[in-house]
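These are my notebook entries on one structure. I set out to look at the ligand site and at a few individual residues.

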Amino acid sequence: MVLSRDVKSSPEQSSRVSSTLSGYRLAELIRQRAWVEIDQAALVHNVQQFRQYVGPKTNLMAVVKADAYGHGAIRVAQTALQAGADWLAIATLGEGIELREAGITAPILILGGINSPEEIEAIAHWRLQPTLCSPEQAQLFNDILAKLGKVLPVHLKLDTGMTRLGTPWPQAVNFVGLVQSLPQLQLASLYSHLATADDPNTATMLQQQQRFTTAISSLRQAQLPIPQLHLANSAATLHGPAWHYDMVRVGLGLYGLYPAPHLGDRLDLKPVLTVRAKITQIRTIPPGTGVSYGHQFVSEETMPMGVVGIGYADGVPRNLSNQLKVLVRGQPVQQIGAITMDQMMVDLRGIDNPQVGEVVTLIGQDGDRQITADHWASTLGTISWEILCGFKHRLPRILV
Ligand SMILES: *Cc1c(COP(=O)(O)O)cnc(C)c1O
């Protein structure tokens, strides 16, 4: 009661508090607990590497879905476009609207499936470009767009072996022929997606390419128009020009990671994302002390322990508990006990006179040492893509 009256009676005061918080004071506060640093120079470098590699005749589509793999979609999109990307790709309508609301005018492809009239209307309104995956979907788009009196560029997806979205490749002629006949749809590109481009065994990838080629020949034979063609994600792009067609769709590589170790010598890529947190308390624990939930770590001797202000709610997977190494003063330090929602503990025996407020690097460079998302991924038996897009919005993104 008192609280609500106070708030009502002093609107100026409450707005002053919030504007102070969102202004420079917030910038000061941001590095107090845990944060993500985005290295813009590294991002520019990676975009330029791909830009040069694919040459001027191939468009570079920056894939910025899932908040640019956790890096912050708006800034990444702006930077990538300035550095030479031509197109953007996102997965959902909401992600596309976020970019348009930020004032981005570059062409944006929605990679995901769209089926409701409301979404179609929004796509037209925001000048986004949809992927069409079936003749039924093409018909629906045409009907809704006819009611709106609008024409939309559309991108047709063939399934050549990924077995996710798309029309089966043998039906390319029917699909393209239908879209060609629908007055509200403008055929902008034809594409497919590879299932095994990061596998050293290229048999499946080559089979998919063969199917794509066959589909394109069948369109030629049927005297249908051939729009822009694209097939490559980061891994296929790194396989060389035969995979580039009119455009490449690059995600992971822009963020400075290699899709697979055997593709690591094609370009010089630099990781863009760093995750750091601070030590918020230092304790000395006696021998036989169980640490954190479940006491998965028990001390064998008197030892200094640090509590670090980051946890699984920030995107540090709990399954890394007791297996994670972090960097303090450029030295590897072992994380101990279960990682909790907001905090985790580290073994500070190797650090001379550790201090509260010291910075802990979870992913990134500290001194001569570097930890990448690949390290976490291999410990967890997953892929770096999942690690990167797992960092949550509670971690402020700071440009460096
Ligand atoms: C996510 C995605 C990409 C980008 O893949 P990377 O391996 O991160 O380069 C390309 N194409 C499609 C259809 C995707 O969904």
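Entry 1. In which helix does threonine 237 lie? I found threonine 237 in helix 12, which spans residues 234-238. I note at the outset that the model is a predicted one.

I then looked up the accessibility of threonine 237. Its relative accessibility is 0%, so I recorded the residue as buried. The side chain of threonine 237 makes a polar contact with the backbone oxygen of asparagine 233, at 2.7 Å.

Entry 2. I turned to the ligand. Which residues come nearest to the ligand? There are 14 residues around the ligand, and those that come nearest are Lys65, Tyr69, Ser234, Arg249 and Leu252. Sorted by class, this shell holds six nonpolar, four polar and four charged residues.

I next went through contacts to oxygen atoms of the ligand. A polar backbone atom of leucine 252 lies 2.8 Å from a ligand oxygen. For glycine 251, I noted a polar backbone atom at 2.9 Å from an oxygen atom of the ligand. Arginine 164 takes part through its side chain, with a polar atom 3.4 Å from a ligand oxygen. On its own the ligand has 390 Å² of accessible area, and the protein covers 93% of this.

Entry 3. In which pocket does the ligand sit? I located the ligand in the largest pocket. I also checked which elements give two or more residues to the shell around the ligand, and these are helix 5 (65-70) and strand 10 (247-250).

Entry 4. Serine 292 has a phi near 65°, a positive value in a residue other than glycine. Serine 292 is placed in the loop between strand 12 (290-291) and strand 13 (297-298).

Is asparagine 353 buried or exposed? I noted asparagine 353 as exposed, because its relative accessible area is 55% and the cut-off for exposed is over 50%.

Conventions. Residues are numbered from 1 along each chain as its sequence is written. This is a predicted model: local features need pLDDT of at least 70, side-chain atom pairs count only at pLDDT 80 or more; totals for chains, interfaces and linings use all residues. Side-chain values use heavy atoms; hydrogens and water are left out. A residue is near a molecule or strand if one of its heavy atoms lies within 4 Å of it. A polar contact is a pair of N or O atoms within 3.5 Å; within protein, one must be able to donate a hydrogen and the other to accept it, and residues adjacent in sequence count only if both atoms are side-chain atoms. Accessible areas come from the Shrake-Rupley method with a 1.4 Å probe; for residues, only the protein chains shown count as cover. On a 1 Å grid over the protein atoms alone, a cavity is a set of points where a 1.4 Å probe fits but cannot get out, and a pocket is an open set with protein on both sides within 12 Å along at least five of seven lines; lining residues have an atom within 4 Å of a point. A molecule sits in a cavity or pocket if more than half of its atoms lie within 2 Å of its grid points. Helices (H or I, at least four residues) and strands (E, at least two) are DSSP runs, numbered from the N terminus. Ala, Val, Leu, Ile, Met, Phe, Trp, Tyr, Cys and Pro count as nonpolar, Asp, Glu, Lys and Arg as charged, and the others, Gly among them, as polar. Buried means under 20% relative accessible area, exposed over 50%, partly exposed in between (1.4 Å probe, protein chains only).
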